[in-house]
Amino acid sequence: MMRTSVRFSLLTALAGIAAVLFAGCCRNDARGGFDPADAPDIRPELAEYYEEHSDFFRFRTLDDIPDDLEWTDNMHLPDIGSPEARKGGVQRGSMGDFPRTLRVVGPEANNAFRRFILDDMLVGLAGLHPNVPGGHKSYPGVAQEWAVDYENRTVYARLNPDARWSDGEPVTVDDVMFMFFFYQSAYINDPWYNNWYGIGINYTNITKYDEHTLSITMREARPDLERRILNLRPLPKHFFREMGDDFVQRYQWRFMPTTGPYVITDEEIERIRFNRDSITLTRLKDWWARDLKFYRNRFNADQIRLRVIRDTPKAFEAFLLGHLDMFGMNLTEYNYDMLPDDHPLVRDGFIHKSTFYNDIPRPSWGLWINSSMPHLDNNDIRIGIHYALNWDQVLEQFFRGDYVRMQTTADGYGDMTHPDIRARPFDPDRAMEFFAKAGFTERGSDGILRNERGQRLSFNINTGAAPFRGILAILRQEARKAGLELRLEILDPSANWLKVQEKNHDIAFVGLNVSVERYPRYWETYHSSNAYHDAFLEDGTPNPDRRVRTQTNNMQVIANFELDQLIERYDESDCLDEMRELAFRMEEILHEDASFVPAFVFPKFRVAYWRWVRWPDDFNVRFAREPTEYYVHWFDEERRAETELAVRPGGWLARFIPGAARDVGEVPARFPKKVRVFDQWLAVPEDVLEE
């Protein structure tokens with residue numbers, strides 16, 4: 001289980017994070033200037049910790065495994081990807097800025113680059129099959145088979161003895177046990193992981209039977225017990241031997257060995273110390289899972305090369321020049337104006353366009369109101385803000401009807417999504433009624449409401465999604481009709497996320513991706529333990545001495561005692577009917593609280609790509625949140641060669657690219673136009689929750 005990622009799925013070009021200087025690099029190695037001779041040794045502390053918590057970290061023998069378990073590997077499930085896929089080539093992409101760290105946890109690690117080294121890459125115990133109808137099914141990862149004991153809330157697993165870390169070390173049960181220690185440790189400076197993996201909170205024990213056999217037990221027999229355990233990803237115990245108080249700095253620029261197919265080499269880390277214009281990931285030629293079913297047709301490029309291109313228009317220009325292989329087309333202006341279907345490059349088959357309808361819980365794009373800030377702690381102000389925002393005009397004018405309004409905090413979960421809650425509509429008169437309840441009754445000469453103390457109804461709204469600047473401009477303009485001033489602050493993605501994580505925002509325009517799960521999560525975003533230190537006294541009243549807790553996903557700083565109790569019951573329940581009832585009540589509380597303003601959902605993704613990028617016949621998988629998430633594409637180098645004849649200096653593209661050489665020369669052959677829509681998952685039965 002991972003903390004919700006801030007990857008921006010609506011536009012590939014948004015997958016960037018802020019630049020930072022490499023501080024403290026002085027040695028010519030991959031340790032970021034830290035001398036291993038001075039390193040701490042975590043092993044004695046680890047042994048002591050295991051002994052101190054022997055009820056959680058248990059050691060048994062194979063004789064202690066029940067004889068009546070039913071083991072499975074689900075090898076009957078269909079393969080993922082196309083058998084026509086070929087290895088080779090370079091995937092050329094972009095990122096909005098340079099990452100602040102190569103750590104996967106801790107300060108500034110939860111960023112858009114993390115997907116390239118963790119989210120989409122690191123192989124866990126077993127993956128969620130992304131392309132079968134019906135219930136959620138697992139396929140082998142580093143575990144080659146497993147057995148589920150629902151009665152005792154336990155999953156047993158046997159690791160694949162061939163599984164290896166990218167540095168050649170074998171993956172063993174010790175790495176899975178160490179993962180729990182790692183995430184429970186204060187050294188990582190990451191409260192979310194400390195809370196989620198804390199002893200007895202979600203998991204009650206991990207048991208080692210031999211080097212490749214283990215079991216993990218959860219506190220409650222959740223309906224998704226199997227996935228909650230098999231989704232776990234081991235961590236390389238040997239790599240973190242130097243873990244200690246200086247963990248954040250010591251591991252800042254060290255690439256963690258992976259169970260996945262791509263690495264950042266030591267040579268590349270050395271290069272980026274002095275040149276922060278790109279990062280290259282290299283595919284392991286001897287990757288242990290290369291020829292295994294579910295992996296053999298994926299992760300095909302020899303390298304993934306990510307260039308820093310800070311502005312979306314510049315990234316689009318680089319794409320048109322053939323310097324990038326693909327470009328996200330979810331933004332309306334790019335799909336209809338910048339690269340319409342009759343654009344010469346599309347018309348003559350050089351660039352293809354595809355629209356893919358996926359079947360996933362929807363990212364939570366919206367305005368996250370910090371209820372710990374002055375005036376925003378007033379519920380009437382927050383409700384008034386809802387009514388002051390003209391999302392219908394955004395949907396019609398900015399998105400041209402392609403997007404629809406999000407209604408709850410958890411759209412897209414089938415019958416686990418509240419069927420009756422509707423987002424508040426734009427209504428300036430109603431907005432002013434609620435603002436008046438909070439004391440803002442008089443308009444100033446500038447049209448903005450004031451209270452009797454002369455304070456203006458004015459708030460900052462910040463975002464790291466620069467391509468959506470036009471959305472906020474519409475909201476700002478329309479909000480003035482209700483006497484509300486919104487001051488826009490456009491930041492680079494990482495600076496914006498840092499501001500939100502430190503809870504220094506008034507209102508943040510952010511979209512959080514959510515995992516493909518059977519039901520929504522509430523604890524990490526809405527429980528008071530992620531809003532304040534000691535939010536309530538024992539009687540449930542607010543603690544007057546409580547302090548805001550930073551570095552969590554509770555971006556509204558919402559603390560509601562009834563909501564806490566419901567979340568805890570929800571997380572302990574093993575009954576979907578009860579969970580559904582609790583989820584509906586929680587959504588009602590969140591709607592009443594009004595600290596989250598639902599924005600929009602996009603039930604598909606669009607992508608443009610040069611014709612040398614190849615895809616399976618059905619293009620992608622059901623649960624894909626963006627085109628490259630499952631790496632089912634590949635690169636046809638013969639097609640690339642014949643296509644690039646057209647992008648040579650003075651070649652065919654000079655007719656259409658401003659500033660290019662005008663010596664057109666011989667016109668190459670045209671290719672078949674391909675603008676396609678894949679809607680095979682548009683209307684699947686709502687049986688995701690049935691098994």
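**Close-up 1. The charged end of Arg 521 sits over the ring of Trp 196, 5.7 Å from the ring centre.** For such a contact, NZ of Lys or CZ of Arg has to be within 6 Å of the ring centre and within 35 degrees of the ring normal. Arg 222 lies over a ring face too, that of Tyr 570, at 5.9 Å from the ring centre. A heads-up before the next views: this is a predicted model, with local features needing pLDDT of at least 70 and side-chain atom pairs counting only at pLDDT 80 or more, while totals for chains, interfaces and linings use all residues. Numbering runs from 1 along each chain as its sequence is written, and side-chain values use heavy atoms, with hydrogens and water left out.

**Close-up 2. Arg 521 turns up again in the lining of the second largest cavity.** The structure holds 12 cavities of 30 Å³ or more, a cavity being a set of points, on a 1 Å grid over the protein atoms alone, where a 1.4 Å probe fits but cannot get out. The lining comprises 18 residues, and Thr 409, Tyr 413, Val 514, Arg 521 and Thr 525 lie nearest the centre; a lining residue has an atom within 4 Å of a point. Strand S14 (364-369) and helix H15 (523-526) are the elements that give two or more residues to this lining, and H15 provides the largest share, three residues. Helices (H or I, at least four residues) and strands (E, at least two) are DSSP runs, numbered from the N terminus. By class, the lining has eight nonpolar, five polar and five charged residues; nonpolar covers Ala, Val, Leu, Ile, Met, Phe, Trp, Tyr, Cys and Pro, charged covers Asp, Glu, Lys and Arg, and the others, Gly among them, are polar.

**Close-up 3. Phe 240 and Tyr 251 form a tilted aromatic pair.** A search of the whole structure finds 69 aromatic pairs, meaning rings of Phe, Tyr and Trp (its six-membered ring) with centres within 6.5 Å; planes under 30 degrees apart are stacked, over 60 edge-to-face, and the rest tilted. This pair comes in at 5.2 Å centre to centre, with 45 degrees between the planes. Phe 240 lies in the loop between helix H4 (225-230) and helix H5 (247-250) and Tyr 251 in the loop between H5 and strand S9 (262-263), so the pair ties together parts 11 residues apart in sequence. Phe 240 is buried at 3% relative accessible area, and Tyr 251 is buried at 1%; buried means under 20%, exposed over 50% and partly exposed in between (1.4 Å probe, protein chains only).

**Close-up 4. Tyr 262 and Tyr 631 make a tilted pair, with ring centres 6.4 Å apart and planes at 40 degrees.** Tyr 262 sits in strand S9 and Tyr 631 in the loop between strand S26 (613-614) and strand S27 (634-635), so this pair links distant parts of the chain, 369 residues apart. Tyr 262 and Tyr 631 are both buried.

**Close-up 5. Phe 294 and Phe 299 are found in the loop between strand S10 (278-283) and strand S11 (303-308).** Phe 294 has a positive phi of about 85 degrees although it is not a glycine, and is buried at 0% relative accessible area. Phe 299 also has a positive phi, near 50 degrees, and is buried at 3%.

Definitions and conventions: 1 Å grid on protein atoms, 1.4 Å probe; cavity = no way out; pocket = protein on both sides within 12 Å on 5 of 7 lines; lining within 4 Å. Points joined across faces, edges and corners; volume = space filled by probe spheres on them.
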